[in-house]
Amino acid sequence: MSFRRSSLGETSRADFGDDHYPTATAANICVLNNKATRRIRGEIACAECRRLKIRCDRIVPCSTCIKRGCAALCPNGTIPPGDGSRFVLAATDHLRKKTVALEARIRSLEDAIAIVQANTSEDPHPLLNYLDQGDEGEVEEPAPKPVTEQSDPSAPSLGSLHVDGKGAARFFGPSGGSESLLLSAHELEERLMSKTIRSLPELDDAHLPQEIIICYRSFPFEPPGIIPSNVQTIIEAFLPPVEHATYLCETFMEHLTWMFQIVTRRQVIKELIPAIYKQTRVSYGPHDLALLLIVLGIGTLVDLNLPPYSLEAQHYYRLSQSAVALQPVLREQSVVTIKVLHLMSIYNGMSGKESNLELSYALLDLASQVAVRIGFHIDPSLWGFSDKEAYDRRVYFWNLMAGVLWQSLVTGRPPSLLTTYIDCRLPTTAEEDLFQQDEVPLGFGRWGFQVSVDCLIPLVKTTLAVKSPPYQAILKLDQEIRATVKVHEIDISSTSDDRTATSMAVYVRSHYQALLLMFLHRGFFAQAMSDSALDLSQSPHGESVFTAYSSACVILADTKSQYYKRPNLISRIWRVWSLAFSAAVIVGTVAIRGIHLNLEPPAFEEFESACMMFQGAADTSNRAARAMPILQLMLEKAFHAKERYRQRQPPVVHETRPDDELSIFGGRTRLVASQSTTSTLSNSGLDVNLFTSSSADEALDSQVQDHTRYRSDPRNENVTFADLSGGWDGLFHGAPQPNSRHLPGNSSSPYPILESGDGTMLDDRWSSFMHNYNILREPTQHHSAI
């Protein structure tokens with residue numbers, strides 16, 4: 001007895017003989033047609049469920065047929081009746097015979113194709129080529145290659161863990177290889193016998209009252225035994241005059257809004273300053289005061305009329321720390337608290353001290369946790385906010401989110417804000433056009449927020465994944481980034497608008513796509529250059545080499561153009577040099593291991609030009625100075641590789657070691673244990689106090705000597721901050737007399753006296769501090785590069 005399906009999907013008469021079916025009539029055929037159509041539409045139960053008299057969910061194929069393994073028969077086919085017909089094994093004979101019939105049909109079609117092909121060509125038809133590879137047409141698969149730790153591209157790259165002799169540890173993930181590589185700069189520095197990183201002077205706090213010292217040293221916790229309102233009044237006495245405060249806030253807005261928008265001009269200039277300077281009767285808290293102080297501190301750092309890392313900035317930062325400590329961060333939180341912590345993170349990154357970077361990362365993580373605790377990740381419309389207030393909250397949240405994501409990429413650590421739980425919508429273009437009037441031009445704005453959602457968040461998830469995603473997923477994300485982040489053909493060296501904010505906004509947008517692609521491909525770039533640098537065609541990740549190299553060249557070209565245009569500002573932005581260092585390592589690796597690839601632009605010339613830029617910026621930027629020993633060592637290797645290539649000698653096969661710069665840069669899993677506790681803590685940049693009470697005075701003397709050497713350097717002869725040679729004893733310990741506000745030879749103070757008594761104390765102390773110690777004296781040769 002044969003079993004096959006008829007054209008209607010039912011069992012045909014030939015299956016069981018004429019005994020099982022009555023003579024077909026037109027009415028019977030019509031009924032069969034109607035039932036088959038209705039079963040296909042899901043209107044009635046399938047044929048098999050009807051035969052078994054069980055419930056059918058009328059989905060094609062139905063769940064019952066799927067569970068029994070006969071989904072191919074649903075909805076109009078049935079398993080032949082008989083013993084065991086309720087089980088799938090009963091259909092085995094049917095499936096075997098159906099396979100034989102299909103094979104016979106295939107061979108008939110192949111014969112027909114062969115006959116037609118023979119009439120037109122002597123070559124076999126392409127569809128028949130597989131017949132030569134075996135009787136059954138099966139292609140022999142190559143034997144799998146032995147998997148080793150060195151050659152397995154899927155081996156996990158989890159980053160590096162640095163542990164010192166006391167157990168203190170620092171972790172840098174897969175994309176944080178650049179930061180891990182910079183930790184070895186001290187050892188390379190000693191090997192090269194060069195001192196590229198200069199020590200910065202530290203502000204002596206002897207001029208501050210004991211209450212303020214106690215508060216800033218207990219930051220971010222509230223010190224016991226103090227009265228917040230009294231200490232807040234003391235802090236306000238050290239504020240600068242309102243004109244100088246306004247100038248520093250405007251400088252902050254002009255020189256840094258292109259990178260982020262944490263506070264608006266309206267919030268600082270029109271709300272905070274009038275309230276804190278008692279020009280309007282508006283209540284404010286300690287964190288509002290801290291917000292103004294930290295803006296003043298960062299504004300001082302980017303004031304191009306002052307030398308880099310001015311001590312005046314440290315003065316404001318310590319006051320801001322004191323104000324934060326007056327209101328418990330872990331208990332009394334607000335949006336202002338988030339902004340203060342975020343700006344403190346930026347200040348520590350720009351402070352010029354490598355030991356402050358870990359504090360910078362920690363403060364941003366703390367700001368993120370505070371944001372979650374107050375529901376800042378939920379759209380403000382759900383809490384009843386609307387119009388400009390809702391817009392400002394959305395703009396700042398996505399600025400915070402971008403900062404968290406970029407910090408994750410730079411350090412290789414998971415983000416502190418989990419995207420799964422975010423429910424804050426993006427600001428619209430119409431809102432941006434309406435509410436950004438009279439504000440400083442944004443660097444990213446609505447465009448940047450959309451890129452964060454579409455590209456930056458998937459990039460972080462892909463790059464920091466413990467299990468590396470398939471390479472096809474990397475290439476797919478590459479295409480999405482290219483489609484979303486359009487490359488604008490803008491020559492930043494010839495931008496018509498010479499305003500700093502506009503020029504810097506053009507600069508960051510011009511290579512944003514290149515930054516995303518560089519971080520996406522850097523791990524696979526390192527893998528390919530380690531395993532198959534001599535012949536990239538043998539590497540499955542060869543495309544990542546070309547993409548990472550071209551992206552790195554774009555980043556370096558834009559950075560060089562903007563640096564030579566605005567050297568004083570660019571050299572003070574630490575993040576610029578962190579990203580440029582990653583790009584330089586990629587180009588340097590190609591110059592060392594891939595000089596024979598003849599990529600455009602030439603790798604050696606590009607790398608040499610990048611090293612020259614870093615050398616110039618190292619006089620100001622400690623981040624660039626930290627990178628110089630590594631870049632100099634790589635430049636020496638690149639020079640030898642170029643000479644061998646010029647002499648037509650075969651390229652050197654570089655053995656990739658765990659401590660090789662390419663392995664570290666690529667995020668290869670490794671544990672770095674230090675044998676010397678003291679040297680490790682000092683070399684790693686951890687801010688650890690190793691002084692005993694007996695050596696504290698020696699440390700203080702060393703700081704004063706460092707500052708004296710800095711002042712005696714001819715390059716710094718126009719430093720405008722106070723000369724510490726006379727010491728800070730007695731400064732601000734008492735309110736000076738009113739006439740101490742007047743400069744010698746002047747009949748009146750250059751700043752007006754505030755009406756209230758507190759304002760008079762503030763103006764008196766500030767004027768005595770700034771005038772008597774020559775802080776406000778204009779430099780004679782140090783000019784801005786705006």
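In which sense do strand S1 and S2 pair, and over how many bridges?

1. Strand S1 (residues 160-163) pairs with S2 in the antiparallel sense, over four bridges. Strands are DSSP runs of E, at least two residues, and helices are runs of H or I, at least four, numbered from the N terminus; two strands pair if DSSP finds at least two bridges between them. Across this pairing, Leu161 stands opposite Phe171 in S2.

2. This is a predicted model, in which local features need pLDDT of at least 70 and side-chain atom pairs 80 or more, while totals for chains, interfaces and linings use all residues. Residues are numbered from 1 along each chain as its sequence is written, and side-chain values use heavy atoms, without hydrogens and water.

3. The open sheet has three strands in the order S2-S1-S3, with mixed pairing. Its edge strands, S2 (169-172) and S3 (670-673), each pair on one side only.

4. Helix H15 (residues 357-373) has 17 residues, which should span 24 Å at 1.5 Å a residue; the end C-alpha atoms are 25 Å apart, which agrees. The expected span is 1.5 Å times one less than the number of residues. Gly375, with a positive phi near 70°, follows H15.

5. Buried (under 20% relative accessible area, 1.4 Å probe, protein chains only) residues of H15 include Leu357, Tyr361, Leu364 and Ala371.

6. Arg413 lies over the face of Phe172, 4.9 Å from the ring centre, and Lys339 over that of Tyr396, at 5.5 Å. The rule asks for NZ of Lys or CZ of Arg within 6 Å of the ring centre and within 35 degrees of the ring normal.

Key
Buried means under 20% relative accessible area, exposed over 50%, partly exposed in between (1.4 Å probe, protein chains only).
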